[in-house]
Amino acid sequence: MKYQDYIKNVPNFPIEGIQFKDITPLIGDENAFKHAIDELTEFSKTLKANKVIGPDARGFIIGAPVAYALNAGFIPVRKPGKLPREVITYDYELEYGKNTLCMHKDAVKKGDRVVIIDDLLATGGTMEATIKLVETAGAEVVGLGFMIELIDLNGREKLKNYPIKVLMQY
Ligand code: AMP
(Lines give C-alpha, C1' and ligand atoms only; values in the text may rest on other atoms or scores of the structure.)
Protein backbone atom coordinates (compact mmCIF):
# COMPACT_ATOMS: atom_id res chain seq x y z
CA MET A 1 0.00 0.00 0.00
CA LYS A 2 1.50 3.36 -1.07
CA TYR A 3 0.01 5.36 1.78
CA GLN A 4 1.70 8.58 0.69
CA ASP A 5 -0.47 8.68 -2.43
CA TYR A 6 -3.41 9.37 -0.06
CA ILE A 7 -1.87 12.23 1.93
CA LYS A 8 -2.41 15.83 0.82
CA ASN A 9 0.18 18.40 1.79
CA VAL A 10 -1.41 21.74 2.70
CA PRO A 11 1.10 24.63 2.95
CA ASN A 12 0.63 27.28 5.65
CA PHE A 13 -2.20 25.56 7.55
CA PRO A 14 -3.30 26.22 10.26
CA ILE A 15 -0.60 28.92 10.47
CA GLU A 16 2.17 30.31 8.22
CA GLY A 17 5.13 27.95 7.88
CA ILE A 18 3.37 24.67 8.77
CA GLN A 19 3.08 21.99 6.08
CA PHE A 20 -0.14 20.33 7.20
CA LYS A 21 -0.47 16.64 6.33
CA ASP A 22 -4.12 16.02 5.51
CA ILE A 23 -5.08 12.38 6.16
CA THR A 24 -8.71 12.75 5.05
CA PRO A 25 -8.09 11.23 1.56
CA LEU A 26 -6.53 8.18 3.27
CA ILE A 27 -9.32 7.63 5.79
CA GLY A 28 -11.87 8.37 3.06
CA ASP A 29 -10.60 5.53 0.87
CA GLU A 30 -12.03 2.13 1.82
CA ASN A 31 -8.89 0.16 0.88
CA ALA A 32 -6.29 2.54 2.28
CA PHE A 33 -8.20 3.00 5.55
CA LYS A 34 -8.59 -0.75 6.05
CA HIS A 35 -4.90 -1.41 5.30
CA ALA A 36 -3.80 1.29 7.72
CA ILE A 37 -6.06 0.09 10.54
CA ASP A 38 -5.06 -3.54 9.93
CA GLU A 39 -1.35 -2.70 10.13
CA LEU A 40 -1.71 -0.76 13.35
CA THR A 41 -3.89 -3.55 14.77
CA GLU A 42 -1.25 -6.21 13.95
CA PHE A 43 1.37 -4.11 15.73
CA SER A 44 -0.87 -3.72 18.79
CA LYS A 45 -1.65 -7.44 18.80
CA THR A 46 2.05 -8.34 19.10
CA LEU A 47 2.22 -6.09 22.18
CA LYS A 48 -0.76 -7.80 23.84
CA ALA A 49 -2.47 -4.47 24.44
CA ASN A 50 -5.86 -4.54 26.18
CA LYS A 51 -6.50 -0.77 25.91
CA VAL A 52 -6.09 1.68 23.03
CA ILE A 53 -5.84 5.40 23.63
CA GLY A 54 -6.45 7.98 20.92
CA PRO A 55 -5.66 11.64 21.60
CA ASP A 56 -8.22 14.27 20.59
CA ALA A 57 -9.26 14.46 17.80
CA ARG A 58 -7.70 12.57 14.89
CA GLY A 59 -6.47 9.92 17.33
CA PHE A 60 -10.14 8.98 17.87
CA ILE A 61 -10.62 8.20 14.16
CA ILE A 62 -7.66 5.83 14.05
CA GLY A 63 -7.55 4.50 17.61
CA ALA A 64 -11.19 3.45 17.91
CA PRO A 65 -11.21 1.01 14.93
CA VAL A 66 -7.88 -0.44 16.09
CA ALA A 67 -9.40 -1.05 19.55
CA TYR A 68 -12.45 -2.71 18.02
CA ALA A 69 -10.36 -5.00 15.79
CA LEU A 70 -8.19 -5.90 18.77
CA ASN A 71 -11.07 -6.62 21.16
CA ALA A 72 -9.55 -3.94 23.36
CA GLY A 73 -11.16 -1.02 25.15
CA PHE A 74 -10.89 2.48 23.68
CA ILE A 75 -10.04 5.46 25.86
CA PRO A 76 -10.33 9.05 24.69
CA VAL A 77 -7.74 11.59 25.81
CA ARG A 78 -9.32 14.98 25.35
CA LYS A 79 -8.91 18.73 25.54
CA PRO A 80 -9.96 20.45 28.79
CA GLY A 81 -13.67 20.72 29.58
CA LYS A 82 -14.81 17.76 27.45
CA LEU A 83 -14.70 14.81 29.84
CA PRO A 84 -17.53 14.84 32.38
CA ARG A 85 -15.92 13.19 35.42
CA GLU A 86 -12.73 13.60 37.45
CA VAL A 87 -9.65 13.88 35.19
CA ILE A 88 -5.89 13.94 35.37
CA THR A 89 -4.32 16.63 33.16
CA TYR A 90 -0.97 17.38 31.50
CA ASP A 91 0.28 20.56 29.75
CA TYR A 92 2.64 20.43 26.74
CA GLU A 93 3.99 22.28 23.65
CA LEU A 94 2.83 21.52 20.10
CA GLU A 95 4.57 22.09 16.74
CA TYR A 96 2.14 25.02 16.59
CA GLY A 97 1.02 26.41 19.98
CA LYS A 98 0.34 24.92 23.41
CA ASN A 99 -2.15 22.36 24.65
CA THR A 100 -3.49 20.55 27.69
CA LEU A 101 -4.72 16.96 27.59
CA CYS A 102 -7.04 15.23 30.05
CA MET A 103 -8.00 11.62 30.76
CA HIS A 104 -10.61 10.25 33.16
CA LYS A 105 -8.81 9.33 36.36
CA ASP A 106 -10.26 5.81 36.38
CA ALA A 107 -9.83 5.12 32.63
CA VAL A 108 -6.82 2.83 33.06
CA LYS A 109 -5.34 1.01 36.04
CA LYS A 110 -2.29 -0.99 37.10
CA GLY A 111 -1.98 -4.11 34.95
CA ASP A 112 -3.46 -2.50 31.82
CA ARG A 113 -1.29 -2.72 28.68
CA VAL A 114 -1.91 0.43 26.68
CA VAL A 115 -1.09 1.24 23.08
CA ILE A 116 -1.45 4.89 22.04
CA ILE A 117 -2.45 5.63 18.44
CA ASP A 118 -2.39 9.00 16.68
CA ASP A 119 -2.38 10.32 13.12
CA LEU A 120 0.99 12.01 13.15
CA LEU A 121 4.25 12.21 15.10
CA ALA A 122 5.72 15.73 14.92
CA THR A 123 7.61 16.98 18.02
CA GLY A 124 6.32 14.09 20.12
CA GLY A 125 4.79 16.44 22.69
CA THR A 126 1.26 15.06 22.35
CA MET A 127 2.49 11.50 22.74
CA GLU A 128 4.74 12.38 25.67
CA ALA A 129 1.80 14.05 27.43
CA THR A 130 -0.45 11.06 26.78
CA ILE A 131 2.21 8.67 28.08
CA LYS A 132 2.48 10.77 31.27
CA LEU A 133 -1.28 10.51 31.80
CA VAL A 134 -1.24 6.71 31.41
CA GLU A 135 1.79 6.21 33.65
CA THR A 136 0.44 8.60 36.30
CA ALA A 137 -2.68 6.42 36.39
CA GLY A 138 -0.44 3.37 37.02
CA ALA A 139 -0.84 1.51 33.69
CA GLU A 140 1.90 0.43 31.27
CA VAL A 141 2.46 1.98 27.83
CA VAL A 142 3.48 -0.97 25.63
CA GLY A 143 3.67 0.80 22.26
CA LEU A 144 2.91 3.82 20.09
CA GLY A 145 1.42 3.80 16.60
CA PHE A 146 1.15 6.57 13.99
CA MET A 147 0.14 6.92 10.39
CA ILE A 148 2.78 9.61 9.71
CA GLU A 149 6.18 10.57 11.14
CA LEU A 150 7.79 13.94 10.35
CA ILE A 151 11.38 12.80 10.79
CA ASP A 152 13.08 16.23 10.83
CA LEU A 153 11.25 17.15 14.06
CA ASN A 154 12.86 14.17 15.82
CA GLY A 155 9.86 13.36 18.01
CA ARG A 156 11.25 9.82 18.33
CA GLU A 157 13.98 11.11 20.63
CA LYS A 158 11.34 11.82 23.33
CA LEU A 159 9.77 8.38 22.86
CA LYS A 160 12.84 6.15 22.61
CA ASN A 161 11.81 3.88 25.50
CA TYR A 162 8.76 2.58 23.63
CA PRO A 163 8.18 0.40 20.54
CA ILE A 164 6.96 2.62 17.67
CA LYS A 165 5.12 1.73 14.47
CA VAL A 166 4.71 4.29 11.68
CA LEU A 167 3.08 3.69 8.31
CA MET A 168 4.95 6.43 6.41
CA GLN A 169 7.68 9.01 6.93
CA TYR A 170 8.29 12.50 5.52
P1 AMP B 1 3.34 16.73 18.21
O2 AMP B 1 2.77 16.79 19.57
O3 AMP B 1 4.24 17.89 17.91
O4 AMP B 1 4.01 15.40 17.90
O5 AMP B 1 2.14 16.92 17.20
C6 AMP B 1 1.31 15.88 16.92
C7 AMP B 1 -0.12 16.30 16.82
O8 AMP B 1 -0.33 17.55 16.18
C9 AMP B 1 -0.83 15.24 16.01
O10 AMP B 1 -1.92 14.81 16.80
C11 AMP B 1 -1.26 15.93 14.75
O12 AMP B 1 -2.65 15.77 14.64
C13 AMP B 1 -0.92 17.40 14.90
N14 AMP B 1 0.07 17.89 13.92
C15 AMP B 1 1.29 18.40 14.20
N16 AMP B 1 1.95 18.76 13.09
C17 AMP B 1 1.14 18.45 12.05
C18 AMP B 1 1.26 18.55 10.63
N19 AMP B 1 2.35 19.07 10.05
N20 AMP B 1 0.25 18.11 9.88
C21 AMP B 1 -0.88 17.59 10.46
N22 AMP B 1 -1.04 17.47 11.78
C23 AMP B 1 -0.06 17.88 12.59
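Modeller: Helix H3 covers residues 58-70, which makes 13 residues, helices being DSSP runs of H or I with at least four residues and strands runs of E with at least two, both numbered from the N terminus. From its first C-alpha to its last, H3 reaches 19 Å, close to the 18 Å expected at 1.5 Å a residue, where the expected span is 1.5 Å times one less than the number of residues. This is a predicted model, in which local features need pLDDT of at least 70 and side-chain atom pairs count only at pLDDT 80 or more, while totals for chains, interfaces and linings use all residues. Residues are numbered from 1 along each chain as its sequence is written, and side-chain values use heavy atoms, with hydrogens and water left out.

Within H3, the buried residues are Gly59, Ile62, Gly63, Val66, Ala67 and Leu70; buried means under 20% relative accessible area, exposed over 50%, and partly exposed in between, with a 1.4 Å probe and protein chains only. Seen down the axis of H3, these buried residues fall within an arc of 130°, so they line one face of the helix, the arc being that of the directions from the helix axis to the C-beta atoms. An α-helix has 3.6 residues a turn, so residues three or four places apart point the same way.

The buried residues of H3 pack against helix H2 (30-46) and against strands E3 (51-55), E4 (73-77), E7 (113-121) and E8 (140-149), where contact means heavy atoms within 4.5 Å. After H3 comes Asn71, whose phi is positive, near 60°.

H3 is also among the elements that give two or more residues to the largest nonpolar core, which has 27 residues; such a core is a set of buried Ala, Val, Leu, Ile, Met, Phe, Trp, Tyr and Cys residues joined through side-chain atoms within 4.5 Å. The largest share of this core, five residues, comes from H2.
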